[in-house]
Every structure is written in C-alpha cells, then in structure tokens.
Amino acid sequence: MDQGHDIIDWAYFEETRNTLGPGFIRILGYFREDGQESLRKIEEAMHSHDTAALVIPAHTLKGESRQFGAEPLAEVAEKIEMTARHCIEVGRFPDELIPDVVELKKLFRDTIAAFDAAVSPLKQRQKPGGFGNKVANTGFGRAGS
C-alpha cells in the first residue's frame, strides 16, 4: 500500500516545490537533517525525563513538516509539543507521549520515503490520461494515417 497518499498533501508539496524552484531539493535535504535531529532530541528528552527539552524539537518538526504538506507528521509533533508545554505548567513528565514518539518516528520515516520517491530522478511522472481516457496517438504505425 502506498502510504504516501495518506500522509502527504501532494498538491501542497508541489506548490512548495514550485515556489522554492531550484533550491527545493536542498531545502528538502535540510528537512531530512533537521527532522532526524529533532527526533533524536525528542527521544533523548523522553529517556532523560526532560519535559522542557521536548518542546523546541517538536515545535521545529511541526513547522517544517507543514511546509512540505506532511500534516499527519505535523499533528503528532504538535501533540508532543502542546502536551509537553502543559506538563511543564503542571510540573509533571508526559509519560503518555511514549506511543506518540514511536508514531512520530514511524511517520517521519514514511514521510521521508514518500518524499524520496516523489523527487527521485528515476520516477516516471504520470501525465493526465491513462486507463479510460482516449489516447491521442492512435494513428501511429497505421497505413493511411
């Protein structure tokens, strides 16, 4: 199953690609690097029970994910950020975020894989048409066409 359709708003992704132009691939690379670093910091904060250390990397990942149309990833990062902010206020550690951190890691991996597939130079870009649509080049190779 191609989960890229469920986890990426491809129209928004393409809009971002067109807006950024030639710098798109470089900036997408920054997203990968920053995202990996944010995940590392979030996991480290969970292991060390440092609630405050969850906020900034989750906030960063949320914003960068939204820039590329990765809304499910942004939503989980936002939940981690907001829960951590609340827990700072009430003075407790958000143990309940463990499944969300696991989900965040999986979503990030799946998102990067979908992005890689979309920008691969080997990927064939599909043009409008296909099954059920008339093919314009029906006369090729026919005598008298």
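Helices (H or I, at least four residues) and strands (E, at least two) are taken as DSSP runs and numbered from the N terminus. The model is predicted, so that local features need pLDDT of at least 70 and side-chain atom pairs count only at pLDDT 80 or more, while totals for chains, interfaces and linings use all residues. Residues are numbered from 1 along each chain as its sequence is written, and side-chain values use heavy atoms, with hydrogens and water left out.

The crossing of α3 past α6 is left-handed, a term used if the near helix is turned anticlockwise from the far one by less than a right angle, with right-handed used if clockwise. Contact here means heavy atoms within 4.5 Å, and among the residues that meet are F24, L28, F31 and L39 of α3 and L104, F108, I112 and F115 of α6. By class, this contact of α3 with α6 has 14 nonpolar, three polar and four charged residues, where Ala, Val, Leu, Ile, Met, Phe, Trp, Tyr, Cys and Pro count as nonpolar, Asp, Glu, Lys and Arg as charged, and the others, Gly among them, as polar.

Helix α5 (residues 71-90) also packs with α6, at an angle of about 155° and with the axes 9 Å apart, which means that α5 is roughly antiparallel to α6. This crossing of α5 and α6 is left-handed, and the contact residues include P72, L73, V76 and I80 in α5 together with V101, L104, L107 and F108 in α6.

What angle does α2 make with α6? Helix α2 (residues 10-20) packs with α6 at about 60°, the axes lying 13 Å apart, and that makes α2 oblique to α6. The crossing is right-handed, and W10, F13 and R17 in α2 meet A114, F115, A118 and V119 in α6.

There remains the second largest pocket, whose lining consists of E43, M46, H47, H49, F93, D95, I98, V101 and V102. A pocket is, on a 1 Å grid over the protein atoms alone, an open set of points where a 1.4 Å probe fits, with protein on both sides within 12 Å along at least five of seven lines, and its lining residues have an atom within 4 Å of a point. One of the lining residues, H49, is found in the loop between α3 and α4 (52-67), and phi of H49 is near 55°, a positive value in a residue other than glycine.

Terms used
Axes fitted to C-alpha atoms, helices over the stretch in contact; angles between N-to-C directions. Parallel < 35°, antiparallel > 145°, perpendicular 65-115°, else oblique.
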